[in-house]
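Welcome, and please take a moment to look over the sequence and the model below.

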Amino acid sequence: KCQVCVNGILDLCKPGKPHHANEKGDFEMHVRSFQLSDCTPVTELLQIALSEDCYENTMEPFSRQLAWDSDLIMVAEENGEIVGALIGTIERNHGCYYRIAIHPDYRRK
């Protein structure tokens, strides 16, 4: 299973063919845990991918989540560029997606 499915965020992997592989089984995108060095690229992605209001409503919770538990933030990268982000949170002992942002050039791929 891929890192996203192992971490319990999704469970879409089929044996031998993760959900982020193409038909040949080649990886097109890498999904991994957030690292501190991702802060600026993720912030830039959020600004590009979200509406202005959504961006403004996301930045404070994003900063708060970084301070509390950055393990609940995942990034998707292609060729070393961050093209997607998932910001998770815990509410009433349940894991939740707070925000999913995908660069417009990489949507529906």
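Leu66 counts as partly exposed because its relative accessibility is 24%; here buried means under 20% relative accessible area, exposed over 50%, and partly exposed anything in between, with a 1.4 Å probe and protein chains only. The model is a predicted one, so local features need pLDDT of at least 70 and side-chain atom pairs count only at pLDDT 80 or more, while totals for chains, interfaces and linings use all residues. Residues are numbered from 1 along each chain as its sequence is written, and side-chain values use heavy atoms, with hydrogens and water left out.

Leu66 belongs to helix α3, which covers residues 52–68. Helices (H or I, at least four residues) and strands (E, at least two) are DSSP runs, numbered from the N terminus. Which residues does Leu66 touch, not counting those up to four places away in sequence? They are Phe34, Cys39 and Ile73, where contact means heavy atoms within 4.5 Å. The C-alpha atom of Leu66 is also separated by 8.8 Å from that of Leu36, 30 residues apart along the chain.

The structure holds one aromatic pair. It is formed by Phe34 and Phe62, edge-to-face, with 6.2 Å centre to centre and 90° between the planes. For this term, rings of Phe, Tyr and Trp (its six-membered ring) pair if their centres lie within 6.5 Å; planes under 30 degrees apart count as stacked, over 60 as edge-to-face and the rest as tilted. Because Phe34 lies in the loop between β1 and α2 and Phe62 in helix α3, the pair ties together parts that are 28 residues apart in sequence. Phe34 is buried, with a relative accessible area of 7%, and Phe62 counts as buried at 2% relative accessibility.

Asp38 is found in the loop between β1 (30–33) and α2 (39–49). Is Asp38 buried or exposed? With a relative accessibility of 4%, Asp38 counts as buried. Beyond its neighbours within four places in sequence, Asp38 is in contact with Arg32, Ser33, Val75 and Ile82.

Next comes α2 itself. Its residues Val42, Thr43, Leu45, Leu46 and Ala49 are buried. They lie on the same side of α2, because they cover an arc of only 160° around the axis; the arc is that of the directions from the helix axis to the C-beta atoms. An α-helix has 3.6 residues a turn, so residues three or four places apart point the same way. On the face of α2 turned away from its buried side sit the exposed residues Thr40 and Gln47. The cover over the buried residues of α2 includes α3, β2 (73–78), β3 (81–91) and β4 (94–102).

Now for the sheet. Four strands make an open sheet in the order β1-β2-β3-β4, with antiparallel pairing; two strands pair if DSSP finds at least two bridges between them. At the edges are β1 and β4, each of which pairs on one side only. From one strand to the next, the twist averages 25°. α2 packs on this sheet by touching β2, β3 and β4, and its direction makes about 90° with that of β3. Axes are lines fitted to C-alpha atoms, for helices over the stretch in contact, and angles run from 0 to 180 degrees between N-to-C directions. α3 lies across β2, β3 and β4 and runs at about 130° to β4.

| Strands | Bridges | Direction |
|---|---|---|
| β1 and β2 | four | antiparallel |
| β2 and β3 | six | antiparallel |
| β3 and β4 | eight | antiparallel |

His30 stands opposite Glu77 in β2, and the bridge partner of Glu77 in β3 is Ile82. Leu86 has Ile100 as its bridge partner in β4, while Glu91 has His94 there.

β2 and β3 form a hairpin with two residues between them, and Asn79 in the turn has a positive phi of about 50°. β3 and β4 also form a hairpin with two residues between them, where Arg92 in the turn has a positive phi of about 50°. β3 is mostly covered, with eight of its eleven residues buried.
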